[in-house]
Amino acid sequence: AGCFWCVEAMYEQLPGVVNVVSGYAGGSEKNPTYKDVSAGRTSHAEVVQITFDPEVTTFRALIDYFWKTHDVTDPRGVWPDFGPQYRSIILAHNDEQLAEARASRVEARSDHEKPIATQIVRLEKFYEAEEYHQDFVRRNPNYPYVVRIAYQKLDKLGLERP
């Protein structure tokens, strides 16, 4: 759903979410770095891995929320970050999650005039991003991208600024 800083800050606020880790996935290169991914020199996307309490929320609820967080119809990426490394992508851990994500996409289509561009694929490997990216919005409240972009996205979704 674009830059992992924003996605992490959004999902951390949802009930039942236990942990959100920024990272890279969806590509073929081993051990990608932020320098390479953000420059578009890999086939990976910036992503987050979400751990949740199934007694409080479900994978389906998290995916249903995903469709509301960004423009899922833009194949160029997620505003203001464009390029394949910022593409809209759902990476499922198993066949059940793949089916849930695909069913959710079918239902979400009615909310959009244009076709949904989000990829839904099986997760092959998740690479955790460098430590300074974890909890970036909370740890860097005055960073220009956080002030101009992340806070705007959080405000639009009715979420708190960390």
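What does the accessible surface of the protein chain come to, and what percentage of it belongs to carbon and sulfur atoms? After that, please take me to histidine 70 and its surroundings.

Reply: Happy to! Please keep in mind that this is a predicted model. The accessible surface of the protein chain comes to about 8,600 Å², and carbon and sulfur atoms hold 49% of that area. Six helices and seven strands make up the elements of the chain, in the order α-β-α-β-α-β-β-β-α-β-β-α-α from the N terminus. With a radius of gyration of 15 Å, close to the 15 Å given by the globule rule for 162 residues, the chain is therefore as compact as a globular protein of that length. Of those 162 residues, 48% are buried.

Now for your close look. Histidine 70 sits in the loop that runs between α3 (59-66) and β3 (77-78). Its relative accessibility is 10%, and buried means under 20%, so histidine 70 counts as buried. Leaving aside residues up to four places away in sequence, histidine 70 touches Ala1, Val78 and Ser88. With serine 88 there is also a polar contact, side chain to side chain, at 2.7 Å. Another polar contact, at 2.9 Å, joins the side chain of histidine 70 to that of threonine 69. As for asparagine 19, its C-alpha lies 21 Å from the C-alpha of histidine 70, and 51 residues separate the two in sequence.

Key:
Residues numbered from 1 in each chain as written. Predicted model: local features only at pLDDT ≥ 70, side-chain atom pairs only at ≥ 80, totals over all residues. Heavy atoms only, no water. Helix = DSSP H or I, 4+ residues; strand = E, 2+ residues; numbered from the N terminus. Rg over C-alpha atoms; globule rule 2.2 N^0.38 Å. Buried < 20%, exposed > 50% of the residue type's maximum accessible area, 1.4 Å probe, protein only. Areas by Shrake-Rupley, 256 points an atom, 1.4 Å probe, with all protein chains shown as cover. Contact = heavy atoms within 4.5 Å. Polar contact = N/O pair within 3.5 Å; in protein donor to acceptor, adjacent residues only side chain to side chain.
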